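Biologist: Before I use any of the labels on this model, I would like to hear how each one was reached. Please take me through them.

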Amino acid sequence: MKIEITFNQITLKSYFLTALIFTCSILLFPIVTFSQTHQHNNTIKTTNQPKEEDYYQIIDVPIPKNVLPEVGGLVNLTDGNLVMATRRGEVWLIENPSSNDPNFKLIASGLHEPLGMVNKNNSLFLAQRSEITKLTDTNSDQKIDHFERIVSWPLSGNYCEYNHGPVIGQDGNFYFNMNLGDNGMGAGAEEFYGEMGSHADWRGWMMKVTPDGKMTPYAAGLRSPAGIGVNEIGEIFYTENQGGWVGTGFISHVEEGDFFGHPSSLKSAKLPGSPISITEKDIPRNEPLFHEAVKQIQGLTMPSVRIPHGILGISTSGFIVDKEGAMGPFFKNQFFVGDEGHAKIMRVSMEKINGKYQGAVYPFRDGFESGILRMEFGKDNSIFVGMSDRGWHSTGKKREGLQRLVWNNITPFEIQTINAKADGFEIHFTKPVDFKSLINENNYQIKSFDYLYHQKYGSDVMDLKDCRIIAILPSIDQKSVRLKVEGLREGYIHELKLEGIIDKEKNESLLHDFAFYSLNSIPSGDPLSLESQNIVIVKNNDEKELLKNTPQEPKSNKEIETSKDPKEKQVKTTETLEKRMNKLPKSWKKVDKTIIIGTKPGMKYDIESFNLKPNEKVKLTFKNFDDMQHNLLIVSPGSGNEIGELAMKMGLNGPKMNYIPKNKKVLFHTNLLQPKSEETIYFIAPEQIGKYEFICTYPGHYFIMRGIINIKN
Amino acid sequence: MKLKNKKIIEIGICMLYLLILFPKIGSSQSPSLILNPSEKNLVQRCFIEYDGKKRTECVAVGDISGIHYAIDISNGSIINVWRGGFIDVTTMWTDRGELQLAIPLGKKIILSDIPTFSLSKASNQPSSNSAQDKLSFKGYSLNSENRPIFQYRFNNCEITDKTEPGKDYKGLNRELKFNGPIESVSNTTAVLAEATKIEKINKNLYAINNQEYYILIDEKKHKVTLQNNQGKESLISIPNKGNSIQYSILW
């Protein structure tokens with residue numbers, strides 16, 4: 001198959017090519033330099049700080065030039081070969097995928113955007129836009145020659161009607177997720193549902209399909225369910241993406257009849273076979289906290305593990321369960337969850353409390369080359385990571401990719417699991433902990449919070465409160481600790497920060513020192529007795545009051561505020577206005593310049609640069625035409641990356657602070673805008689000429705969503 | 001001017017040219033993506049626009065000879081035929097693929113989109129079993145030339161549908177084969193064409209819509225009827241003695 005690319009009929013001759021290569025290398029240099037792996041550390045460390053690459057290496061898979069690895073599906077065959085399905089409908093067999101010279105063979109093409117694949121009885125099954133197809137090579141010539149329809153469904157043709165899967169459950173049936181459609185804007189948008197909606201039967205549902213093609217509805221309330229998979233005993237899980245009605249992404253066990261919240265799927269709840277009896281009238285309009293909504297609505301399912309937005313990814317996608325302990329025996333049966341926006345993998349540990357799965361999410365490995373969509377284990381226990389940003393851009397350098405992750409058999413110092421107790425948590429580590437640090441209450445910071453359940457895109461972190469450590473019981477082997485905690489709240493997500501916990505052997509910090517535990521249910525029984533031997537009781541310090549609803553300043557911001565650089569000039573303007581001035585200043589007789597900046601598909605502003613004169617009075621309107629949240633910050637010359645990175649480290653305070661870091665290099669800004677909304681700010685252009693930048697600081701966007709303001713006379 | 005200086009100036013001009021060109025590449029003038037069968041025939045599942053609506057169950061079939069067609073497998077209807085370039089897939093695979101349409105290149109002939117298969121009106125069977133009346137797409141196989149043979153189930157019959165360019169490059173030859181109980185095969189009919197105007201201009205040859213395209217069918221082997229129904233004319237045939245229907249679309 002030959003794909004021709006035409007640039008308006010211009011043909012490049014050889015010397016043009018040479019010049020092109022030369023120019024490209026000059027232009028790409030800054031992009032490559034600024035896209036290096038970045039650490040998500042929030043504090044200054046006095047001890048050694050281990051790095052992810054010291055334990056888990058990302059290795060490129062050598063890919064021939066004629067293969068575009070926009071991975072939609074990945075399957076490992078028993079002989080160690082890998083099969084990859086791509087966005088453009090191709091299926092590639094990859095022989096010796098872990099070698100220096102894997103062999104790629106095209107075995108099928110022409111499919112319509114497969115987004116998942118599974119192997120069963122020598123045939124491949126994948127979900128395309130309009131059907132689940134069985135691919136068979138009937139004459140063993142390593143080419144698929146039979147494409148059998150297993151089941152199909154109606155479509156409106158909306159481009160977001162993706163179908164993720166299929167996977168095979170413990171009952172031998174196929175399961176797959178039907179993504180909602182895009183709701184458009186203006187008069188076409190359906191207001192109650194938000195930016196995503198159901199435009200055909202069963203959109204927003206997980207469907208079950210028998211091997212002979214009978215499809216029945218299984219669970220509802222899905223929005224953008226990009227990941228689907230099974231755990232070690234074949235139970236079904238799925239991942240969800242933040243957006244309208246979804247305060248933050250998550251991974252959850254799915255049982256028949258579950259409803260995860262997006263009301264648009266209820267359009268199909270009355271169709272024959274539906275196990276859901278919830279109606280739209282049951283959906284609250286008063287923006288309750290999500291755990292309250294779960295109590296209010298009979299049948300609204302609390303997801304197993306919620307993944308705080310912006311901190312641990314922005315677009316949860318495919319996942320795998322480490323049944324063999326490929327990433328270490330200490331992580332056996334835990335989940336590795338990919339993110340399409342932040343090109344990284346998180347780790348999730350789960351336990352069953354009161355019959356339902358819940359657990360914790362931890363950072364795991366950052367720095368992949370593109371947005372992660374699908375993952376699969378290789379025969380050699382490496383993880384093959386299939387990537388494609390599918391048009392949404394990621395923090396990775398590329399638009400697509402296939403890499404593999406390898407553990408070097410050295411045990412990292414990590415939180416292994418966090419288990420909920422009736423009165424606290426039990427934390428297990430992969431290695432023994434330095435005793436002094438283990439019993440120091442200052443090394444444990446626990447907060448809890450929730451998100452809102454509402455139509456708006458995403459949610460701020462709500463009702464943030466501190467917990468207090470009452471007692472600490474270290475284990476004899478110093479590999480775990482039992483904390484007695486005051487202030488636990490059922491239904492809330494609990495952030496556990498363990499800065500200061502030190503590895504006994506290497507005197508190092510934890511590789512990742514924080515986690516979020518979704519305390520959906522507090523187990524009963526077995527409280528920690530204060531009479532226990534070796535227990536450390538924390539003194540009740542009056543200064544350690546429970547803070548109520550006050551977001552705490554992230555430590556990294558404080559670090560920047562006290563800049564010691566004497567050469568740093570305060571950016572001067574003739575009149576001091578607020579950084580975010582939404583009303584025309586009374587002292588202005590006229591506006592010198594009016595600028596309107598919108599957004600373009602692909603996470604970009606629609607203006608790349610514009611000019612201003614020093615001290616000009618400017619009216620700037622930012623229009624967010626996109627289906628995601630964005631903001632606009634004007635920053636001092638050369639500080640775009642710095643401010644963008646600071647925003648990514650804002651943690652739980654990020655959403656409430658509109659991802660605007662408190663820093664003098666931020667000159668003027670809008671707030672974070674909902675999709676299809678706009679904001680106007682007034683400011684006076686700085687006096688100092690130069691190339692200023694405007695950027696979007698929504699986590700990860702600053703890599704591409706930026707422009708230049710030339711201030712000159 | 002010295003050769004060395006000349007080369008430097010040439011390269012300089014090229015770089016300048018490309019620097020001017022470069023900003024355009026990232027912007028609205030995205031490169032177009034075209035699929036063209038060069039080494040082998042192509043099959044591409046896609047959405048195709050027909051009569052202002054998006055058809056969501058289409059297959060575009062491209063041939064090295066440059067004779068292509070698009071079929072809607074939800075009703076077995078060949079909706080477009082054309083010659084030249086195959087399809088523009090830019091809106092399918094660029095950025096988010098919002099428009100998500102495969103666009104036939106060159107001038108396409110728009111055929112009717114009515115269901116190809118139906119029960120004959122002369123049928124004595126009670127039409128209560130709606131499942132039998134509905135066409136069920138089963139999938140397709142690829143033959144040695146990488147051409148698809150579509151498989152359907154209708155009215156208790158297994159139907160295969162193969163269309164390929166004629167050796168004289170004047171159009172497409174379609175062969176429908178029916179496999180099932182005699183009663184079922186004999187009361188299945190196929191619509192070969194439906195249009196405002198169908199004219200028999202010669203033995204075996206019908207002109208559609210004032211010779212926009214032609215249907216050629218061997219009337220010695222096939223029973224062909226021309227029907228008029230509320231201003232629409234249709235050309236209908238039933239399986240021949242060999243349980244098949246063979247006809248050509250020429251343009």
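Predicted model: local features only at pLDDT ≥ 70, side-chain atom pairs only at ≥ 80, totals over all residues.

Modeller: Residues are numbered from 1 along each chain as its sequence is written, and chains are lettered from A and ligands numbered from 1 in the order in which they are written.

Biologist: What makes A:Ser140 exposed?

Modeller: A residue is exposed if 12 or fewer other C-beta atoms, placed from the backbone, lie within 10 Å of its own, buried if there are 20 or more, and partly exposed in between. A:Ser140 has 7 such atoms within 10 Å, so it is exposed. This residue is in the chain A loop between β9 (131–136) and β10 (146–152); strands are DSSP runs of E with at least two residues, helices are runs of H or I with at least four, and both are numbered from the N terminus.

Biologist: Why is A:Tyr659 called buried?

Modeller: A:Tyr659 has 28 C-beta neighbours inside 10 Å, and therefore counts as buried. It sits in the loop between α5 (640–648) and β43 (666–669) of chain A.

Biologist: What is the phi of A:Ser140, and what is that of A:Tyr659?

Modeller: Phi is about 50° in A:Ser140, positive although the residue is not a glycine. For A:Tyr659 the value is near 55°, also positive and also in a residue other than glycine. Most residues other than glycine have a negative phi, and most peptide bonds are trans.

Biologist: Which peptide bond is cis, and what is its omega?

Modeller: The bond from A:Gly165 to A:Pro166 is cis, with omega near 5°. A:Pro166 belongs to strand β11 (residues 163–168) of chain A.

Biologist: How do you know that chain B is divided into domain 1 and domain 2?

Modeller: The bounds come from an automatic or database domain assignment, which gives domain 1 as 34–110 and domain 2 as 117–250 in chain B.

Biologist: What makes residues of domain 1 of chain B count as in contact with domain 2 of chain B?

Modeller: Two residues are in contact if their C-beta atoms, placed from the backbone, lie within 7 Å. By that rule, 16 residues of domain 1 of chain B are in contact with 17 residues of domain 2 of chain B. On the domain 1 side, the elements giving two or more residues are β3 (53–62), β4 (67–72) and β5 (77–83) of chain B.
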